[in-house]
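Hello,

Here is the complex I promised to pass on to you. Please open it alongside this message, and my notes follow below.

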Amino acid sequence: MKKIGVFVCWCGLNISRTVDIERVIKEVSRHPQVVVSTDYKYLCSEPGQNLIQKYVEENELGGLVVAACSPNMHELTFRSVAQRCGINPYLCEMTNIREQCSWVHDDREEATHKAIDLIIMTVEKVLRSDPLYSSTVPLTKKALVIGAGISGMESALDIANAGYEVSLVDKRPYIGGHMTQLSETFPTLDCAQCILTPKTAEVARHPNIKILPYSEVVEIKGYVGNFEAKIKRKATYVDWDKCTGCGICVEKCPQKTYSEFERGLKERKSIDIPFPQAVPFKVTIDKESCIYLKKNKCGVCAKICPAEAVDFQQQDTIIEEKFGAIVVATGFELLEGDDLAEYGYGKYKDILDGMQFERLNSSSGPTSGKILRPSDGKEPKELVFIQCAGSRDREKGVPYCSRICCMYTAKHARLYKQKVPDGQAYIFYMDIRAGGKGYEEFIYRSVDEGNILYLRGQVSKVFEEDGKLMVWGMDTLSSKKIEIAADMVVLANAMIPSQGSKLLASILKVGTDEHGFFQEAHPKLRPIESLTRGVFLAGCSQSPKDITDTVAQGSAAASKVMAMFSNDTIKVEPVVSLVKKEDCSGCFACEIACPYGAIEHEEYKGRQVAFVNAALCQGCGSCTVACRAGVVDLMGFSNKQILAEVEALLWK
Amino acid sequence: MEIVAFLCNWCSYAGADLAGTSRFKYPANIKVIRVPCSSRVNPTFILKALANGADGVMVSGCHPGDCHYTTGNYFTRRRLLLMKRLLEFTGVNPDRVHLYWISASEGTKFAEAVKEVVEKVGKLEKNPMSSIEGEIRYEKK
Amino acid sequence: MKYSYFPGCTLHEQSKSFNQSTLASSSALGIELEELKDWYCCGAVFPLRADDIMSLLSPVRTLIGAKKEGKDLVTLCAACYQVLKRTNYLILEDREKREKINNYLEEDYKGDVKVLHLLEVLRDNLGWLGLREKVSHPLSGLKVAPYYGCLLLRPAKEMTFDHPENPTIFEDFLKSLGCDVPDFPYKTECCGAYLGATAKDVVSQTVYNILHGAQKRKIGALIVSCPLCHYNLDFYQGELMKEKSELTPIPIFYFTQLLALALGLSTEVCHFEEHRIDPLPFLGVIK
Amino acid sequence: MEIKATLIRDELYKEIEERSDQKILNCYQCGKCSAGCPAVAFMSLPPHQVLRLLQIGSNEEVLRANSFWFCSSCFTCASRCPRSIDISKVMEALRFLLYRKGITPLSQDMLDEELEKDTPQQALVSLWKKST
C-alpha cells in the first residue's frame, strides 16, 4: 500500500471559518495509510506548493490528497506539483471542501464531519489509483476551415501565415460570407466592401490556402490530429479553369430566378456571378431554375461562351483529404417565417429584414444605394424599425438576445437620414445593448445626427392600410399606444445558426446548444474549443456576435490550431476506457453506448473483441456500464476506485 | 441520514460548485462522488451504496440534449428507470433514488434538489442496512 | 361520415340561421351530424382561474356524453369550440387537474374525444377541391372576407385550429365556394365579445374599426363562425349606422349560410329574417 | 413611493399569482400586450402597467383600475407575449378578487327586456360568468 499525504487548505478564512481544520487533520491522521496529515493557509501559493514537496521528499509519499477548493479550480495545479515531486499526477486527487462544504453549510460540527468523510473517501480512492501516462499520436499539420465568412477567412489567413496549409470550404460559390452583403459597418461606418475585398483577395492568392467554394463537408472520420474528411464539390456546370468571368452568358441567359445575395429584392439570372467583387469571379449555374438542366432546352450560355467553359455534364465530385484540426465558422442566418407573422413579414413587400435593408443601402445593391420602397419605388418618408423581432421571445422566436441588432438598427436609421433628409426614423426597442468599444457613443451620435425617435416598447401588429403600413406599438415610457402609418418597416430579425449546422455538428460529432449553435467546451474559459478535441469554433457558428468579435474568435481559433501544429505529435489524455480483452465476449454493447466511435474491433485468440482507440475516447465511461460482463473500465474513475469511495463514505 | 450523490463533472458538479460560489445553503447529509458523466454511474454503485446503508442516492447529469458527451445522459435516464423498477421489485423503496438534470449554471437548482432529496428520503424509514454491523473503518493508530 | 353534433345554447335557441343552414348543408354534403342525446351548456367562457374546477365539469360531462356515442364531436360556435377543445387539452396535459375533475364525476374522462370544427371536417374529409365539385351555384363576384375573431384561434397551442396571425382555413373555404377573398387584417381583431351590456363603447369602437377596415377594402360581406361575433357585427352595425354616415351596410353571414347558398339549397334554411343588416341586396350581385 | 420586501410580495400579490398561475415578475415590460389590446383606449391602466404596478407592489392602485372590466378575454395579449405570460389569466384573477368583494360592473337594470330578447345566450352566460 502506498503512503498517502493529506494536505488541508484553509483558503484563508474561506474553509477554516466553517471547518475545524485542526480536528480534520487529527481525525484523518488516524487512517493507517495516511502518514502525513497537515494544513496550510494557502496551499496553491508558492510556499504551499513547496510545503507539499518537502513532505513528499521527507516521507516518500506515494499518493497525495489535497483537500481544498473544487478540482475544477486547482486540480491541474496540484497534479503538476505531484509531477514535480516525482509522483504520477493521477495519484494526486483533490477533495472539494470549499465549494461543496464550507461555503454551503453553516453548522461547524456538520461541516467538519463532512470534510473528514470526504477526505477519507479520497484517500481510499487514491489508494486504488494507478499511475496513468499520456500517449502520443502523430499529427497532420493541415487545417480544414468550414465556412469562408469573415471569421473563417481570418482563421485561414492566420494559420496559413504561420506556414501551415489550409483548406477553406464554403457552401456558397464565393468567399466572404454575409459581410459581402453589408453596406457600411458600425461603429465607424466603414464601407464593408472596402475593408473586406482586400481580405478576400489575400485569401484567394495565398499559397497556403486552398479555397473550395460551392462545397460541403459530407463526412469526417478519425480523430484529433488525424481527421479524414470527405468534401463534396457541387457541380457548377461551368469549368472554372476555363471561365474568365466575362459575363456574356449572364447577359444572354433568358431565365430569371430568386437572388439569395439580394435577398429577393432583385432577380438574378440562372447562370450568374453573385456580385461584381465576387471571389472567385466565376459563373455558376443554378440547377433548380436552368432551362437546359430542367427541360433540356435553351443552352444559350454553352453556345455563346467564348471560352467553351459551360459543361452541362459536370457532376458533383468528392475530395478526400486528411487534416489535423478543424475550425467551424459556419455563421448565421436570419429567422424567417411564421414566427414573425404579427409583423406582416413575408406578406407585405415594404416590410424588410435587416439584411434586405443592407442591400437597399448598398451602392451595388438593387437600387444602387437609394432607399426606395420595393412595392412602388417611392422614397419612404416615415420609416419604422422594429428591434428584437423574434429575439428575446421565448414564446415564438428565440429566447436569446441577437446582440448586433441595437447597433445595426441605429446605423440603418442614421444612413437612412443621410439619404432621405426629410424622412423620419422611428425605432421600437426594449433595451439598448451597446456594450462595445465606441458603441454607446455611436448610438447617441446616430440619435443626434439622424434625429431618430426611439420608442421604448414592442410592436404588436403591422398591416397594410390605405397604401401605408399601419404599425401598432407601445411606448411604455409614456404608456401611450403608438400608431404609425409608415411607408416602410424594417425588422431586426433574430439571428439563428445557419442552415445545416445541426447536420454538420453530427458529422463532426460535436454538440450544439438548445438553439443549434455549436457548443463550446466551457462558456467562460474555453469558448474557442468544441467538446471534441481538435475541432475549434469561430464566429456566429458558436453564438451571435458582431464582426469585431467574430474576427477575434477567428484568430483565436487559428492560434489554437497553430499551438497544436507547433508539435510533431499530439498528447492523448489517459482518462480513457480500457477493455480486458481476455474476458471480452465480443457483444459490442459498448460500441452502441460510445458517442465517439472509439470502440474498435480487434482479433484476440481467434475471436473479435472490443478495443478502445485511446485517441478517440473522451473518457465518459458510458461503455463501462453498457458492458454486461464489466470488463470495460475507465482509467482514473475505475470501478474499484468509485466503489472504494462509496464504501469509505458509509463506514461506521 | 447519509445521501450519496453521483454528479457528472461537466454540468452537475459545476452546478454544485456554483451553488458554493453563490453561497446557497443546503443540508450536509449529501456527499458527492465526481464522475465524468452520469452514464458512468453503474447501477452497481447505487446498489452498493444502498447495501452499505446509504439512505438515499442522488444522480445528476446534464440536461437531456446537453450532455457533454452528446448522448450519455440518455443512457442514464433509461438505466435509472429500469433500476428503480428493479428496486421496487426487490422491496426497496424506489424513492431512495433520485435522478436530476442540473446544468453548470443552475446553482440554485442544485441546492433546491438537495433539499428535496433530503426531504423525500427523510420521510422514509432509516435504511435498515445501516444498522447492520459494517466493516470497521480502520484500525486506530 | 357520421359525427356527434354539439349545437350549444345559442344555436339551439336563437341562431336558427346558423343551426339550420349547417344541418341542411351538411346533409347535402353527406356529412351526418347527429345531435348529442345528452349535452349541457359549455359555460360559454373557458375558466381562466387556476382554482376554478367547477366550471370545467359541465364541458367534461358533454365530452363524456360524446365518448359514449363513440364518434368525433363536431361543433360550430366559436365559444363552444374553444371551451370544449381547451377542456380536452387541459384534461390531457394536466394530470393533477384531471384527477381533481374526475373526483367530481361518476365516471373518469381521459380526454379521448376528438373535438372538431365543421371547417376541419370539410377540409380533412371532403377536401377543398371536393367541396368545389359539390358547389352548384358558385358565389363568383362576391367579395367576401372571413372574420375569425378570437376564440377559434387563440391560444394557438391549445386550439391548434390555424395559425393565430395568418389563418387561411376560412379563405380556402370561401375560395372553394367561388368567392373573391381579399386581404383583411382585421380578421383576427376582437369584436368586443360580451362587453356589450357593461361596456357598450368598447363594442361600438371595435365593431366600427372592423367594419370601417372592411369598407376601405371594398369588402361586401363578412363571414363568421360565432353567434356573438355575428350579433356584435350585425346588431351594432345597425346602431352605428344611425350615427356614422360614412358607413355602408356590410351584411354578416354565418359561413354555413353561404355554404347552403352555394350548394343551391333553399334560402329558407338561412333564416335571413334574423339579420339586422339585410343581406339580400348584396346577394343580388351573384353572377 | 417606499418599497420594502414585505410590501411588494404581500398576500394579495401571492394570491394573484396563484389564482392566475402566472409569474408576474416574468414580464419585461415590452408593452406588446397593450399595443395589441382592442380595449386599451378604455382602460385606466394599460395591461403592461397592471403588471408593472403589481411588480412594484402597488396592488391597491391596480385594484382601483377599471382595466379588467374592459378585458374581453380575446387572448391577443397572451398569444403575442414574448415572455409567455397569459395576461388574460391575470385579468381574470383580478376580476375575481373584486367581485369577491362585491364589486361588479353588472347592475339589475342593465339588461332591458328588449336587449335580453336579442342578445345571444352565449353573451349573457359569458357576461354573467365574467362579472360575478
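Leaving aside residues up to four places away in sequence, Phe24(B) touches Val104(A), Ala19(B), Gly107(B), Thr108(B) and Ala111(B). The loop that holds Phe24(B) runs between helix H1 (12–21) and strand E2 (30–35) of chain B. Is Phe24(B) buried, partly exposed or exposed? Its relative accessibility is 31%, so Phe24(B) counts as partly exposed.

Before you go further, please keep in mind that this is a predicted model. The predictor gives the complex an ipTM of 0.81 and a pTM of 0.82. For chain D the mean pLDDT is 91, with 93% of the residues in that chain at 70 or more.

Next, the interface between chain C and chain D. On the side of chain C, 40 residues are in contact with 41 residues of chain D. Together the two chains bury about 3500 Å², and 63% of this is on carbon and sulfur atoms. Within chain C, the residues that lose the most area to chain D are Leu48(C), Arg49(C) and Tyr194(C), which together make up 21% of what that side buries.

How many salt bridges are there between chain C and chain D? The count is two. A salt bridge joins the side chains of Glu165(C) and Arg80(D), at 2.7 Å from N to O. Eleven residue pairs are in polar contact across the interface of chain C and chain D, with both residues at pLDDT 80 or more. On the side of chain C that touches chain D, the elements giving two or more residues are helix H1 (8–13), helix H4 (78–93), helix H10 (200–216) and helix H11 (227–243) of chain C. By class, that side of chain C has 23 nonpolar, nine polar and eight charged residues.

Not counting residues up to four places away in sequence, His230(C) touches Val224(C), Phe235(C), Ile252(C), Phe253(C), Tyr254(C) and His275(C).

Definitions and conventions:
Residues numbered from 1 in each chain as written. Chains lettered and ligands numbered in written order. Heavy atoms only, no water. pLDDT = per-residue confidence, 0-100. Contact = heavy atoms within 4.5 Å. Buried area = accessible area lost by both parts, 1.4 Å probe. Salt bridge = Lys/Arg side-chain N within 4 Å of Asp/Glu carboxyl O. Polar contact = N/O pair within 3.5 Å; in protein donor to acceptor, adjacent residues only side chain to side chain. Helix = DSSP H or I, 4+ residues; strand = E, 2+ residues; numbered from the N terminus. Nonpolar A, V, L, I, M, F, W, Y, C, P; charged D, E, K, R; others polar. Buried < 20%, exposed > 50% of the residue type's maximum accessible area, 1.4 Å probe, protein only.
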